[in-house]
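The following questions and answers examine how the terms used for a structure rest on their definitions.

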Amino acid sequence: MVVMEKEEIPHPAPLLELQKPPEPEPRQPVMISVEDVDFSYSAHQVLYDVNLEIPSRAVTAFIGPSGCGKTTLLRCFNRMNDLIDGARITSGSIELDGYNINAPDVDVVDLRRRVGMVFQKSNPFPKSVYENVAYGLRVLGATKKSAINEAVEKSLRAAALWDEVKDRLDSSAYGLSGGQQQRLCIARALAVEPEVILMDEPCSALDPIATAKVEELIYQLRENFTIVIVTHNMQQAGRCSNYTAFFYLGRLIEFGSTSKIFSNPSERKTEDYITGRFG
Amino acid sequence: MSKSRRARNRIAQTTAFWLFRFATYAILAAATYIFLDIGIKGSRTLFTTQGPFINVPFFTQGPQTLFVFEYEGKKYTLSDREFRAWKAQHPVEVEATSVAYSAGGVWPCIVGTGLLVVGSMIFALAVGICSAIYLNEYSQNTRSIRLIRIAILNLAGVPSIVFGLFGFGLFVIFFHWNVSLLAGWFTLGLMILPAIITGSEESLRAVPNGLREGSLALGATKWQTIRKNVLPYAIPGILTSSILGIGRVAGETAPIMFTAAYALRDEMPWQVQHWTDFVFQGVMALPYHIYVVSSKIPQNEYTERMQYGAACILLLLVFAIALASIVLRERTRRRLSW
Amino acid sequence: MLSENKHTLGTFEHALENLRNNVMTMASQTERSLNRALKGLMERDDKIASVAIADDEEIDQLEKQIDKEGIELLLRFQPVASDLRRVVSAMKLSSNLERMADQATNIARKARKLNKHPALPEILLLNPMIEHAMSMFRDSVDAYVREDAQAARAIIPQDDALDKMNAQVSRQLIDRMARDPEQLRGYINLMFIARHLERVGDHATNIGEDAVYAAAAEDIRHQQVVASA
């Protein structure tokens, strides 16, 4: 009887481990995660295969020429694009703090409270300064006057506007200057205690001093909020942001720390855009 | 540019200017003529030369028959009640010509018109504003919505007599409401509904979209946004469109002819057996009264006085309501302007 | 990473072009000064040495001009990335070139002093250094103009060779000084000239480092061991 030696069953070769690219910076916690997102307005596609991670408690700037999709992506984060007929994400997902914001059981109203927005053209409501800031609170159901007073003061202080308006809380918001109105809109967004603040070209309509005040405000807010700002002004992106994402024709071309993008970008298109060689 | 062309340009410019000016002043002249005509003739009825300077019986009594006769060389024009009182005092046979509707006043008509205006405006504003909110804020631009808008526009062009017939057929006959305030309210309300809807939609559209977006971005629901941030600012515009509606509702005769108006009614609207009967009663109305006095009876100087008096009151009533509306609009506009 | 596209803003493109041209002009004038000074030394020609000294004035003015244009570019156009590196390195280059021209002046002055006395055969000891330093200079400017980081990196190790040559020449001259004290003054001047040539090599190295920065965004200064490209 031949004793058959047990054949050594060869183990299958270990799966090739995915090579991890060397991480240049320590990993930041991620607030918003965009995965393989395509976006279309009816039949017209505007975002192609966007992959992006917005780090939390930092300022990320979206730059790119007009029509490149940066504002569209911004408005996806708080689902404001839902207001437009036919606008939808055709593939991919966007996650806020790990939760898919387009899932059917998501409360859009709550999402919009958590992700606040400041618009390009400041839109204070035709009410008093106090009522503007209190609006979000009242909508949430707050009724106690003392609580509202406290929250209004806290938001106005956080927006660096308290000293300028504390004596005229009941005057119309339209009596404020352009820069003050924009800071009022920021205070209004802060009042509902969001986690993320989206800003769509917040300084484009402001004079340099007002712009500087808003930029200083953004700098101070970064400690407590995740901020995403769309801007046409590259110097502003350079001054304000920690990270920059460059978009072109609906695609994300490059994403990295602002100092890297502005001193030595990896992509030719990025370099051409920021040095003004486009077109 | 050549000299002749410059001259031609100047002529064209001057002609255009004077044409537009003429048209404007022609309208002004026509309106002035109408108001003066009614005003002057009407004030002969409404105002007196002595005493409280207002013809109080005209405002406080119902229409009565006028008796004209001569007695001992004097010409008497007495209303029915006065005539009977006089006859009680002077038991003689006199030949009196009677003129219907030419004595007394139009108090029940004023009340009736007022009730019709209030009721129909409430109905039209309620339904109209709700429709406008739905059409402007909630609906998508689908084919069926476009059809609805076309239907509303067409409704605006329907002649008022057709509304009257419709109201008669549906409310009076089919619903068994008979000639009643209720039927009048719905008929008149439907008549001005297109204007209210269009006007309200325009006002809602005029509210900048930034207010809606800003509110939604803060975490408000759609209804909260409309209630707190859109509707209050559309109110002045809605009130403006309602002013025109009030004028029409007060003055239209055809819709109320078969549905709400009586030529003569002895009881006042609040003299009902049961409070539910209040809406099921017909009323007298100023425009219908003018129609009755003008066409149903032979014309003479006495009837003319009544016509113009009633017309003047109608005008004054419309002016008063319009003024109230304007004042209200100005005050809300100041509070809520942007 | 050279881009073929021009800047959309014509004035910006024009200003950068202007700055670059000025740097190239200054480099060629510096080269000319050095050549003249060295000619005046080797061919014992006082006139040409004086011309070299006089030219220094012009080169100084160019340095000021380049710095002024650079600052204005920065404040007007706020350049970023490669444009920023070009402007900053242009300004640094101008300072290096100006110092090189000063070295040329120094060489010319020493040449005039030497020419007052009979020729020294030891002057030929300087030839290898002259060749090496001048080739470093030309290569470094060339690498800067062509934005060739690789060529620029190759210059750095050459500085070591030049330093060694300088040390050797010094030793040889000290030796001569001991043996022939009569010619002490001459030998000392020669040593100084060798020193000036060694400084020219240092400045060429700096230009090479600035060229690498402009082309590749890498700061390779002050590295003990630089891997050759």
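This is a predicted model: local features need pLDDT of at least 70, side-chain atom pairs count only at pLDDT 80 or more; totals for chains, interfaces and linings use all residues.

Q: Which residues of α7(A) are buried, and why are they said to line one face of the helix?
A: Lys213(A), Val214(A), Leu217(A), Ile218(A) and Leu221(A) are buried. Seen down the helix axis, the buried residues of α7(A) fall within an arc of 140° (the arc of the directions from the axis to the C-beta atoms), so they line one face. Among the elements that cover them are β3 (59-63), α6 (178-191) and β7 (196-200) of chain A.

Q: How does the reach of α7(A) compare with the span expected for a helix?
A: Helices (H or I, at least four residues) and strands (E, at least two) are DSSP runs, numbered from the N terminus. Helix α7 (residues 208-221) of chain A has 14 residues. The expected span is 1.5 Å times one less than the number of residues; α7(A) reaches 20 Å from its first C-alpha to its last, close to the 20 Å expected.

Q: What makes β1(A) and β2(A) a pair of strands?
A: Two strands pair if DSSP finds at least two bridges between them. β1 (residues 30-41) and β2 (residues 44-55) of chain A are joined by 8 bridges and run antiparallel; Val37(A) has Val50(A) as its bridge partner. β1(A) is also joined by 8 bridges to β4 (residues 87-96) of chain A, again antiparallel.

Q: How do you know which chains are in contact with chain B?
A: Two residues are in contact if their C-beta atoms, placed from the backbone, lie within 7 Å. Here 17 residues of chain B are in contact with 22 residues of chain A. The largest share of that side of chain B, 6 residues, comes from α8(B). No contact joins chain B and chain C, whose closest C-alpha atoms lie 34 Å apart.

How values were computed. Residues are numbered from 1 along each chain as its sequence is written. Chains are lettered from A and ligands numbered from 1 in the order in which they are written. A residue is buried if 20 or more other C-beta atoms lie within 10 Å of its own, exposed if 12 or fewer, and partly exposed in between; C-beta atoms are placed from the backbone.
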